[in-house]
Amino acid sequence: MNIYLNANENPFNTVDRNLINELLFSFDYNRYPDLDYKKLKSELSRITNRKVENIIPTNGSDELIQLILLAYSKENENILSHIPTFSEYEKISNYLGRNFIGVKPKKNLKVDKDVFIQKIKEYNPKIIFLCSPNNPTGELLKEEFIEEVLNTSNNMVIVDEAYIEFSGKTNIKLLNKYENLIIMRTLSKAYGLASLRVGYGLTSEKNIDFLNEYRMPYNISGISQFIATETLKLIDTKKYVENILNEKQRIIKELKKINIEYLNSESNFILIKTINNNGVLKALKENKIFVRTFNDEYLVSYIRFNIGNREENDKLLSILKDVVGNGWSYNK
Ligand code: PMP
């Protein structure tokens, strides 16, 4: 059986399949979906405590990144983010002809905050992407730093909170203070609905109206809107998050025992470094365990895996122990 720990998904099925079976039977497949996402937005409003006027649902938060770049920047204009981070900010900037600038991290791969503020002043970027907790390092950015960024730039500042449920510390309240802030969220991670492709942005009504000018009509399918809405009504993410965080602590304890270097993560994934990643990767591959590897200069010697269910985590740990125990230990 394949074990997927490479895409930071929730390992648990959060959808009530019996309910969905029944509801899908009577679904109006011949009709266009609700253009305004009223039911979905009303549930998103409930879980975020923001008004429906302050919410824009998108086809995954990937689509929101593109929408923001289209709406708030033009060709050759500067876009700033910290690196290493979620690759789509750079990738979409590049294919839209924007000038992406990645601020290099400190030695420990954390965001170099002083340099970041300097770069805002130097390049006056049209859009700044902050990712918190950051994928793939797991770093949670402090509210003071986010406010410093917002106070340094008059242009758009985006905080990607794709993994925020695992850290419990949202920046939503900054929306009351800063008109140039957009918070990006997704149902793909803690909510376990990656396949439905539902993300959303939270920002001022004025920004929502502006973003809507660039949005394709019906950008989320009727089925996705429907299943997401029904699942949000029923789901309690707390039990999934708690389970994942407990498992994370258990994994970290075991990593320590076998001296595997790891970065502290405020999310549902961990970045590790072993003395011989190739040996580890070969063993994982043989056992059909999929993890994330990287080509860029900062991450080439790291492996990222997300927390799976107990059985999956046990399998991963047994392989790590096996390989490390067979001669790759840091102690040897
Ligand atoms: N932001 C971050 C930081 C991510 O890691 C991901 C998915 N890997 C996304 C956004 C996109 O998520 P989705 O399009 O599924 O909402």
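The lining of the largest pocket is made up of 13 nonpolar, 11 polar and 10 charged residues (Ala, Val, Leu, Ile, Met, Phe, Trp, Tyr, Cys and Pro count as nonpolar, Asp, Glu, Lys and Arg as charged, the others, Gly among them, as polar). A pocket here is an open set of points on a 1 Å grid over the protein atoms alone, with protein on both sides within 12 Å along at least five of seven lines; lining residues have an atom within 4 Å of a point.

The model is predicted: local features need pLDDT of at least 70, side-chain atom pairs pLDDT 80 or more, while totals for chains, interfaces and linings use all residues. Numbering runs from 1 along each chain as its sequence is written, and side-chain values use heavy atoms, without hydrogens or water.

Start with the pocket. Its volume is about 710 Å³ (the space filled by probe spheres set on grid points joined across faces, edges and corners). Select F86, S87, E88, N135 and R292, the closest to its centre of the 34 lining residues.

Next, select helix α3, residues 60-72 (a DSSP run of H or I, at least four residues). With 3 residues, α3 gives the most to the pocket lining. It also supplies the largest share of the shell around the ligand, 3 residues.

Now show the ligand. It sits in this largest pocket (more than half of its atoms lie within 2 Å of the grid points). Select S61, D160, Y163, T186 and S188, the nearest of 13 residues around the ligand (a heavy atom within 4 Å).

Finish at T186: a polar side-chain atom lies 2.6 Å from a ligand oxygen atom.

Conventions: Polar contact = N/O pair within 3.5 Å; in protein donor to acceptor, adjacent residues only side chain to side chain. 1 Å grid on protein atoms, 1.4 Å probe; cavity = no way out; pocket = protein on both sides within 12 Å on 5 of 7 lines; lining within 4 Å. Helix = DSSP H or I, 4+ residues; strand = E, 2+ residues; numbered from the N terminus.
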